[in-house]
Amino acid sequence: MDAILLQLLNGLDKGSAYALIALGLTLIFGTLGVVNFAHGAIFMIGAFCAVTLSKIFSLSHLASEPSGTDFLGKPKYEDILYIKEWFGESAGAWMLDWSVPLSILFAIPVMIAIGFIMERGLIKHFYKRPHADQILVTFGLAIVLQEVIKYFYGANPIPTAAPEAFRGSFDFGVLLGFDPNAIIYPYWRLIYFAFSALIIGGVFAFLQFTTFGMVVRAGMADRETVGLLGINIDKRFTIMFGIAAAVAGLAGVMYAPINSPNYHMGMDFLVLSFVVVVVGGMGSLPGAVLAGFLLGILESFASMNEVKNILPGIDQIIIYVVAIIILLTRPRGLMGRKGVMEE
Amino acid sequence: MSFSNLTRRGLIKTSAAAGAGLALPTYLSAASHAGFTNAPQGDTVTLGFNVPQSGPYADEGADELRAFELAVEHLNGGGDGGMLNTFSSKALEGNGILGKKVQYVTGDTQTKSDAARASAQSMIQKDGAVMISGGSSSGVAVAVQGLCQEAGVIFMAGLTHSNDTTGKDKKANGFRHFFNAYMSAAALAPVLKNLYGDDRKVYSLTADYTWGWTQQESIQAATEAMGWETINDVRTPLAATDFSSYIAPVLNSGADVLVLNHYGGNMVNSLTNAVQFGLRDKQVNGKNFEIVVPLYSELMARGAGKNIAGIVGSQNWDWKLEDQLGSRYTGTNAFVQSFGTKYGFPPSQAAQTCYAQTLLYADAVARAGSFNPCAVVEALEGFEFDGLGNGPTLYRAGDHQCFKDVVVVKGKENPENEYDLVEIVEATPAEKVTYDVDHPMFAGGELGNCNPGA
């Protein structure tokens, strides 16, 4: 029982990353009709926003007096952090410790700007082209973006720690009456789950309860009619692209302490996120979220020893098995609408 | 009316093209008259360095390439000479190899077997490389070693740790300086017993490919021999990035030690996840929970940051060896000095093994007086040397594996910088990690005969 609860928790946590990325993908697909293969790269750039801010906070100059010798026996000068000089020892240390949460503020404008530039600079030229062209150009863009990141940050993962206060894990088992250590879960992953829920809720509320959101939803349903009403739907869709980029970027920022960011992390998530979108139903926002969590949970259960002993290797293929079953029984996905990608 | 539009001029052109095409294979093996593939012509000799220049191991590949460049510089008489000054064999004189200036070409393995074979093939056929070295994966090493055997050139393996490279997949033209999974396990077991006692229960996560399997098999055999019990081993997909669902059940499994048979990005992520789950702060069976990483890569451990603190593992070499354990490891400081002066930071173990391999190849050619692979094989087989940073070392004739001390390390609690992440626990002497050529973990393949190609 405790093992099942543990994997359920784990699945919700995994699922929250999938859901956030798939949500952004669906937003772009639903509004602009573009299959954006660069979306994983946007997630990766989000994580590197956290890396960048922590590097900015770590900028330093050398002390004027040597404090020992380096590995070659030459005088060694200690690094003195600028933020500690400017803001004081304790405030500087606090900023460095909290650099990941602070990166959220840094990442939102950066990601929206990147989204705008991508959409206006490249992707808008491909709206009327076939989906295959869009896939090729966005996939190419993804490769360019990851090589740019690799050029500046190297191929190795870069450790980006969560604030000291959120390291370690919480013992859920004791809370539920199990033995100690039966169900423990890291604080930061719990925060990630809560954060995802907040963002997903925020996006839905924005679309549901604002006039802007209403217009966007109307545009998603019938672009032509909305245009005939004299509304500049393109402009709003561009803004949605920015928002989708910000959602994926924030998912990346908060993911940085979970696994050290590396230039390839976007590709690792990209294929999975597409499966999530297809299983959820192309163009369906609730479908993307539902499928994200569903696949996260199934993936977690598939990696349990009890399951692997019966079906060896199931953890490697479960996502695709589920995708095949769903597409065979419900070709439009769990919550797909008629007419999307069917013209 | 003619059914053919062949003209006299066209016929001549076609014949010329066909003739050139037929002559090409002869051109590619232009040295066939010398009796072996790519016999150096003129006053230069070309070596091929096949390292990951793209993909997740690109940083390790870059460090290997730095070491190769340094080795070539030293062989040609440039720089401060590095380990040429400390190497026990004095056959090299700093005038290239057999008086021929060393030049090199590089290939990108991408850490993919097919790409690595293609780049090695290109360096052998197009660039005339007489030796191939480098690499950062056992899958790649086994693939390229096989290719070099067929092509008739020498393969001096880079970083490859699977037992199979000099076990079931060994080849007469291939040589490995790096240590292997069996040696890691044999070196670690006594240290683990000292540190954590002889009554421990192990849960292991193993990367699901050749290296992971041999590493798991080796460490399980070594730890069980000293009384530990393996309660579970879980295979994890090589492509996995988030290990939380594999780590989550560990604490409640009754195990008090987690062994991570992971390397590179897998290791960084699984270790980070294990520390996130608070495993190292827990007590199980009345003992502190411990994590072991059998193969450490200091270069890649940087990705795990502070999470490696207190984690025990093994290395082929460490740049602090001579300073901390004395003159037995002579050569280390000479190499660190020349590498550090040229590049500004200390070399990784991947760099050291690649540098040593290049020198060992050059020295074997010099002693043999020939670039002929069969002469080189003969010179390297059973060769005993010292002064390359690892202490006294033997290149065993039976399997072309180097036998030398293994360094057991532990993640530092308070590293001073990103190059100082581990502290040396001890160096396990070579005799304690030596095994028979026909040891069951290495059985299955034949070394065969050297192939001079051509």
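This is a predicted model: local features need pLDDT of at least 70, side-chain atom pairs count only at pLDDT 80 or more; totals for chains, interfaces and linings use all residues.

**Helix against helix, chain A**

I looked at two helices of chain A and found that H1(A) passes H8(A) in a left-handed crossing. H1 covers residues 2-32 of chain A and H8 covers residues 187-209 of chain A; their axes come within 9 Å and cross at roughly 35 degrees.

Next I looked up who touches whom. From H1(A) I noted A:Leu12, A:Asp13, A:Ser16, A:Ala19, A:Leu20 and A:Leu23, and they meet a set in H8(A) that includes A:Arg189, A:Tyr192, A:Phe193 and A:Ile199. Sorted by class, this contact has 9 nonpolar, 2 polar and 2 charged residues.

**The parallel sheet, chain B**

Over to chain B, where I traced an open sheet of 5 strands in the order E2-E1-E3-E4-E5, with parallel pairing.

I zoomed in on E4 (residues 154-157) and E5 of chain B, which pair in the parallel sense over 3 bridges. B:Phe155 has B:Gly174 in E5(B) as its bridge partner. Helix H4 (residues 138-151) of chain B packs on this sheet and touches E1, E3, E4 and E5 of chain B; its direction makes about 160 degrees with that of E4(B).

Then I went to E1 (residues 44-51) and E2 (residues 101-108) of chain B, a parallel pair with 8 bridges. B:Leu47 sits opposite B:Tyr104 in E2(B). To get from E1(B) to E2(B) the chain goes through helix H2 (residues 58-75) of chain B, and this β-α-β crossover is right-handed.

**The mixed sheet, chain B**

Last stop: an open sheet of 7 strands in chain B, ordered E7-E6-E8-E11-E12-E16-E17, with mixed pairing. E7 and E17 of chain B are at the edges with a single partner strand each, so one side of each has no neighbour in the sheet.

For an antiparallel example I picked E12 (residues 312-315) and E16 (residues 406-411) of chain B, which pair over 4 bridges. There, B:Gln315 stands opposite B:Val407 in E16(B). Helix H5 (residues 181-196) of chain B packs on the sheet, touching E8, E11, E12, E16 and E17 of chain B, and its direction makes about 150 degrees with that of E12(B).

How values were computed. Residues are numbered from 1 along each chain as its sequence is written. Chains are lettered from A and ligands numbered from 1 in the order in which they are written. Two strands pair if DSSP finds at least two bridges between them. A crossover is right-handed if, with the strands pointing away from the viewer, the path from the first strand over the helix to the second runs clockwise. Axes are lines fitted to C-alpha atoms, for helices over the stretch in contact, and angles run from 0 to 180 degrees between N-to-C directions. A crossing is left-handed if the near helix is turned anticlockwise from the far one by less than a right angle, and right-handed if clockwise. Two residues are in contact if their C-beta atoms, placed from the backbone, lie within 7 Å. Ala, Val, Leu, Ile, Met, Phe, Trp, Tyr, Cys and Pro count as nonpolar, Asp, Glu, Lys and Arg as charged, and the others, Gly among them, as polar.
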